[in-house]
Amino acid sequence: MKKITNICCIGAGYVGGPTMAVIAQKCPEIKVTVVDINSQRIADWNSTDFNKLPIYEPGLKEVVAEARGRNLFFSTEIEKAIEEAEMIFISVNTPTKTYGKGKGMAADLKYIELCARQIAKVAKTDKIVVEKSTLPVRTAETLRSILDNTGNGVKFQILSNPEFLAEGTAIDDLHNADRVLIGGEQSADGQNAMEALTEIYAHWLPKERILQTNVWSSELSKLTANAFLAQRVSSINSLSALCEKTEANIEELSKAIGADSRIGPKFLKASVGFGGSCFQKDILNLVYICQSLGLQEVADYWEQVIIMNDYQKRRFADNIINSLFNTVSGKKIAFLGWAFKKDTNDTRETAAMYVADILMSDMAQIAVYDPKVRPEKMFADVEYLNSRSIDENKKLLFPKNDPYVACKDAHAIAILTEWDEFKTYDWKRIYDNMMKPAFIFDGRNILDHKKLIEIGFNLKAIGK
Ligand code: NAD
Ligand code: UDX
């Protein structure tokens with residue numbers, strides 16, 4: 001088997017950036033070039049100020065500092081990088097389609113197709129093409145037909161190697177992956193390609209954690225792993241509503257359920273609802289695939305995970321409105337947190353933007369503090385959701401860079417992200433500077449509720 005010495009990754013996003021940085025760190029003899037059409041993103045990856053990297057992720061800047069310029073490169077010269085590489089990872093975005101057939105459900109594969117056409121056009125030597133993006137099952141078939149029919153007669157092997165990292169813990173997840181999944185063609189050439197990729201991960205992971213399967217199992221495992229994880233969150237969130245009606249306590253329930261070794265304690269934290277770029281998109285895609293194959297009951301089963309998540313976000317916003325005497329018009333509500341989870345600057349599908357949009361429709365004034373999310377991003381998020389003009393949004397949404405300023409004179413505080421720093425605030429000082437009665441809605445159950453009640457807050461928490 002030929003050892004890989006040159007890798008190209010198309011897509012320098014939340015997956016391509018950290019994943020390739022770790023491969024370069026662990027395999028110093030391999031040249032890794034990450035390319036993107038977004039020249040600003042590439043410039044940010046090349047920034048000498050490591051705080052300007054386009055992605056905030058604990059531990060990332062140290063890895064980039066170690067490998068960048070040695071064997072890790074970020075570039076906009078896509079064709080050159082493709083031509084030179086023996087192995088090409090495709091790590092571009094696969095969002096939910098916003099138009100045409102499958103609108104609102106199917107994965108939009110236009111970026112994937114463009115990559116395949118570009119590889120086919122440029123390649124002059126045999127290549128291993130690796131699906132790193134999350135894709136519908138049987139996408140490799142489409143890739144093969146593009147590569148074989150529009151290429152220069154060179155040979156391609158297609159592997160599926162989905163990424164299981166979670167944002168906020170990406171570097172740790174990559175360094176200590178539970179498993180790496182590699183799906184390949186069931187032939188001698190397919191086996192060789194799988195071995196070449198296995199060899200790369202074996203630089204730092206034990207071989208027994210590197211699983212080899214057929215391509216279709218690998219593609220489908222990624223979609224379904226996310227569906228299972230999201231299902232756990234929706235399951236516990238559905239029970240949070242029941243707890244609120246019965247005085248059962250969701251945290252006690254989670255602990256009791258999770259203590260069963262067959263169930264396990266992780267992913268049972270009730271919240272304002274899951275966000276992020278993957279869960280909703282991947283389940284919708286799974287539902288669409290099932291519908292397309294005539295499996296309506298299977299589609300309905302998984303769709304309920306999304307329905308429950310939408311309910312949870314709406315329920316949280318309604319609870320704020322109902323508690324504030326059925327009107328939030330003109331009232332200041334402080335949001336602590338905008339990112340979809342802690343330790344990331346990513347806001348895709350964040351519950352915060354949905355809750356903000358509902359409250360803004362009722363003419364509330366939302367003051368937001370998030371340690372890592374920039375104001376432009378917050379405005380872009382609400383603009384994506386609603387039909388208000390930018391000027392109208394600017395009269396209702398006020399990003400602040402100080403949490404105490406955000407909470408001053410507020411009628412209520414809503415905790416939308418579980419940032420650790422929120423636990424360290426001077427809550428008495430915050431209370432003293434608020435309108436009374438002062439409400440706090442803990443959408444993440446991270447604060448010391450007993451203490452807040454002692455201070456004088458009217459407290460509402462998820463599932464309590
Ligand atoms: P992202 O939007 O952060 O990054 C994708 C990048 O690809 C963008 O910078 C975009 O400019 C670039 N791109 C698009 N088309 C291109 C082209 N033709 N040529 C060059 N560059 C191009 O997306 P992401 O979060 O990194 O996700 C990428 C894939 O990985 C998706 O399929 C996603 O489902 C999957 N995934 C994401 C996560 C996660 O936590 N974000 C985890 C596992 C898997
Ligand atoms: C997810 C998968 O975990 C990861 O394996 C996959 O590769 C990409 O999608 P990510 O979306 O980055 O990762 O974050 P994750 O930790 O899964 O959280 C998703 C959402 O669920 C967040 O909004 C989080 O706050 C929420 N969540 C998670 C809960 O509300 N409760 C939990 O117990 C766990």
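These are my notebook entries on a few places looked up in a predicted model.

Conventions. I number residues from 1 along each chain as its sequence is written, letter chains from A and number ligands from 1 in the order in which they are written. In this predicted model, local features need pLDDT of at least 70, side-chain atom pairs count only at pLDDT 80 or more, totals for chains, interfaces and linings use all residues, and side-chain values use heavy atoms, with hydrogens and water left out.

Entry, helix pair. I looked up H5 (residues 110-122) and H6 (residues 139-150), which pack with axes 8 Å apart at an angle of about 30 degrees. The two are therefore roughly parallel to each other (angles under 35 degrees count as such). H5 passes H6 in a right-handed crossing (the near helix is turned clockwise from the far one by less than a right angle).

Entry, surface patch. I found Leu293, Leu295 and Val298 making a nonpolar patch of about 270 Å² (residues with over 30% relative accessible area and no salt bridge, nonpolar side chains joined within 5 Å; a salt bridge is a Lys or Arg side-chain nitrogen within 4 Å of an Asp or Glu carboxyl oxygen). Val298 lies in helix H12, residues 296-323. Its relative accessibility is 37%, so Val298 counts as partly exposed (buried is under 20%, exposed over 50%, partly exposed in between, with a 1.4 Å probe and protein chains only).

Entry, Thr33. I placed Thr33 in strand S2, residues 31-35. Thr33 is buried, at 9%. Its C-alpha atom is 12 Å from that of Glu86, 53 residues apart along the chain.

Entry, Lys423. I placed Lys423 in the loop between strand S12 (412-415) and helix H17 (427-432). Lys423 is partly exposed, at 47%. The C-alpha atoms of Lys423 and Gly258 are separated by 24 Å, the residues being 165 apart along the chain.

Notes. Patches are made of residues with over 30% relative accessible area and no salt bridge: like charges are joined within 9 Å, nonpolar side chains (Val, Leu, Ile, Met, Phe, Trp, Tyr) within 5 Å. Accessible areas come from the Shrake-Rupley method with a 1.4 Å probe; for residues, only the protein chains shown count as cover. Helices (H or I, at least four residues) and strands (E, at least two) are DSSP runs, numbered from the N terminus. Axes are lines fitted to C-alpha atoms, for helices over the stretch in contact, and angles run from 0 to 180 degrees between N-to-C directions. Angles under 35 degrees count as roughly parallel, over 145 as roughly antiparallel, 65 to 115 as roughly perpendicular and the rest as oblique.
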